[in-house]
Every structure is written in structure tokens, then in C-alpha cells.
Amino acid sequence: MNAKIYVIHENDEWTEPLQKELEVLGYPFETWHLDQGNIDLTKEPPKGIFYNRMSASSHTREHRFAPEFTGAVLDWLEAHGRVVLNTSRALKLEVSKVAQYTSLEAFGIETPKTLVAVGKEHILKAAESFKDESFITKHNRAGKGLGVQLFDNHEALKKYVEGPTFEEPVDGITLLQQYIKSSDSTITRCEFIGGRFFYAVEVDTSEGFELCPADACQIGDAFCPTTEQPRDKFTIIKDFDDPIIYKYEAFLLANDIHFAGIEFIRDAQGNLYTYDVNTNTNYNPDAEQKADMYGMKEIAKELAAQLESAYQLS
């Protein structure tokens with residue numbers, strides 16, 4: 001068999017669980033670590049299907065130009081008609097929350113009020129729109145909740161922006177966003193495989209905003225020996241059912257996103273706000289074991305089915 005499954009990525013640790021599942025299935029595969037490299041545009045790509053797992057947070061691992069190189073590779077693959085799962089359009093949304101929010105709103109999916117600013121002076125100017133409201137700052141291209149700061153007033157923001165701890169976004173774009181307070185300090189992440197809903201996971205945010213569910217990112221579940229009822233950081237919700245799922249699936253289909261985690265938060269009044277689309281989704285092994293549901297196993301099955309379909313394998 002000449003055709004393979006190709007996994008495009010920039011993080012070996014995040015890719016290992018998928019490799020193990022592909023090995024179990026026995027399908028030929030190859031990983032492309034696209035931190036650096038080269039392609040010859042005069043040649044055709046190899047035969048196979050290509051799963052894009054490039055991450056917006058690659059720059060935090062010193063892979064600054066991995067998304068840009070991945071974009072070039074995806075353009076090459078798509079020009080030659082190769083099957084790409086999480087296409088160049090998906091990559092654009094992965095590295096830009098502005099692109100995410102404008103696309104989500106086009107499908108009637110409510111996002112928090114957001115202002116976009118470049119330059120410290122304009123960050124402070126944009127904050128005036130929130131008046132007496134609490135708000136957060138975040139990076140347009142970030143991942144893992146990096147760069148998220150909560151402010152109760154304009155003066156606190158001014159101190160941060162003009163101080164030594166200010167984090168400059170990698171693309172220069174800072175977002176100022178309405179602060180949505182959850183009544184129980186949780187958010188919900190909906191996982192989709194092959195564009196179809198797989199499961200929802202409740203995430204405890206009481207310890208902070210860096211919410212990568214991968215085993216390699218774990219800082220341990222939120223267990224305190226003095227707490228009578230310890231709380232898991234990630235809990236899969238059995239039989240989750242909400243009308244938002246249908247909107248999410250339509251959104252993913254229209255934007256050529258095949259695998260993703262979409263996060264939302266409910267305020268005290270029950271209003272639902274969607275604030276993140278992660279096309280490089282990872283899964284928490286402890287939560288999956290308790291629920292007996294395994295994302296990477298299902299992704300491997302989907303990739304195998306796509307390979308068989310594209311090359312009429314039996």
C-alpha cells in the first residue's frame with residue numbers, strides 16, 4: 001500500500017497518543033513535524049490523507065513559524081487535490097480568535113463582546129468601552145489560555161500595560177473581552193470527530209485559565225487533602241444534549257474543520273457564550289478512562305476510514 005495517513009504537527013508529546021492508536025489499527029502512517037523544513041512546489045505530494053494538528057501555541061515551544069510553514073504545505077496539498085482534514089481554512093481559525101468570533105457569529109453562535117487592539121495606547125482606549133464592567137485581555141493567537149488577564153477597572157489595565165509584566169502577543173493583536181462569570185467556575189468543551197459531536201467535558205477553571213487537557217500539560221487534578229469533596233479538573237458529561245451542538249456542527253462543516261474542541265461558558269442567568277475553537281484538540285486520559293470514551297482512538301478510526309475511502313482500499 002503506497003498511500004499513508006500523514007499527521008502534520010509541531011509537538012511530539014501531543015502526537016504520541018494518536019500514533020499508538022494508529023499502530024494498533026495497523027494502518028501505514030507518517031508524522032510531519034513542521035517546525036522547519038522545505039517543499040518543492042514543482043513536485044506532487046505523496047499519496048495519502050493529511051491530518052493537520054498544527055497549534056496556535058507553537059510559538060511557546062520555540063516553533064515560531066510552524067503555522068506559517070504549515071499554511072504553505074496545506075496550500076500545496078490542496079492544490080494537488082489531496083484529502084486534508086482540518087484544511088487551510090481551519091488553520092486560519094486556529095491562529096486567529098478574531099477569525100473564530102466573526103465566523104461563529106455568522107452562524108448565530110453568540111460570543112462575548114470583544115474589541116481588537118494593536119498598540120498599548122489603543123489597548124487602553126478600547127478598554128473605555130467597558131466602563132464599570134470587568135473584562136479580560138487575551139492574545140489573538142495564543143492557545144492554552146495564555147495571556148489571559150482579568151481586570152476590574154481601567155486603572156488596573158493601565159498599570160499592567162505600562163508595566164514590566166505585559167505580554168506582547170506574537171501577532172501584535174490584543175483582544176479585550178467581556179468577562180463572563182460562571183456560577184460554578186466551570187466551562188464546557190465540546191469535542192467533535194469527523195465533524196460530528198463526540199462528547200462534552202466540564203472543566204474546572206477555579207485554578208486558572210491554562211486549560212490544555214493533554215496528559216503532557218497536566219499539573220494534576222484539583223485534589224486537596226483537606227477538602228471533603230475533591231473536584232476533578234476534567235469531567236466528561238454523559239449524555240450531554242444542547243441545541244448549540246447542531247450550530248457547532250454546521251459551523252465546522254462550513255469551515256472545513258473535521259476535528260475540534262469548542263469551548264463555551266454559561267453565565268449566572270444561563271446565557272451561553274462561545275469563546276474558543278481549538279482545531280488541535282487533545283484529550284484528558286483520566287477523564288476518558290472514567291467515562292470509557294477515547295478521543296484519539298476514534299480519530300484513528302476516522303483517519304483509517306478516510307484513507308480507505310480516498311484510495312478505495314478494502
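Me: Which residue is the bridge partner of Ala-117 in β8?
Reply: In this predicted model, the bridge partner of Ala-117 in β8 is Thr-174. Helices (H or I, at least four residues) and strands (E, at least two) are DSSP runs numbered from the N terminus, and residues are numbered from 1 along each chain as its sequence is written.

Me: How many bridges join β5 to β8?
Reply: Four bridges join β5 to β8, and these strands run antiparallel; two strands count as paired if DSSP finds at least two bridges between them.

Me: And what is the order of the sheet?
Reply: The open sheet has four strands in the order β5-β8-β6-β7, with antiparallel pairing. Its edge strands are β5 (114-117) and β7 (149-151), each of which pairs on one side only. Neighbouring strands in this sheet are turned by 25 degrees against each other on average, direction ignored, where axes are lines fitted to C-alpha atoms, for helices over the stretch in contact, and angles run from 0 to 180 degrees between N-to-C directions.

Me: What stands opposite Thr-137?
Reply: Thr-137 stands opposite Gln-149 in β7, and strand β6 (residues 135-139) pairs with β7 in the antiparallel sense over three bridges.

Me: Which helix lies across β5, β6 and β8?
Reply: Helix α4 (residues 97-106) lies across these strands, running at about 40 degrees to β8 (174-178).

Me: What about α5, which residues are buried there?
Reply: In helix α5 (residues 120-127), the buried residues are Ile-123, Leu-124, Ala-126 and Ala-127. They are on the same side of α5 because they cover an arc of only 160 degrees around the axis, the arc being that of the directions from the helix axis to the C-beta atoms. They pack against β5, β6, α6 (154-161) and β8, with contact meaning heavy atoms within 4.5 Å, while the face turned away from the buried side carries the exposed residues Glu-121 and Lys-125.

Me: New topic: is Thr-186 buried or exposed?
Reply: Thr-186, found in strand β9 (residues 186-193), is buried, with a relative accessible area of 8%. Its side chain makes a polar contact with the side chain of Asp-184 (2.7 Å); such a contact is a pair of N or O atoms within 3.5 Å, and within protein one must be able to donate a hydrogen and the other to accept it, while residues adjacent in sequence count only if both atoms are side-chain atoms.

Me: Which phi does Asp-292 have?
Reply: Asp-292 has a positive phi of about 60 degrees although it is not a glycine. Asp-292 lies in the loop between α8 (285-291) and α9 (295-311) and is exposed, with a relative accessible area of 58%.

Me: Where is the pLDDT below 50?
Reply: The protein averages a pLDDT of 91, and 91% of the residues score at least 70, pLDDT being the predictor's confidence in each residue, from 0 to 100. Over residues 218-229 the pLDDT is below 50, and beyond near neighbours in sequence this stretch has 16 contacts in the model. Where pLDDT is low, the predicted coordinates should not be read in detail. Local features need pLDDT of at least 70, side-chain atom pairs count only at pLDDT 80 or more, and totals for chains, interfaces and linings use all residues, while side-chain values use heavy atoms, with hydrogens and water left out.

Conventions
Buried < 20%, exposed > 50% of the residue type's maximum accessible area, 1.4 Å probe, protein only.
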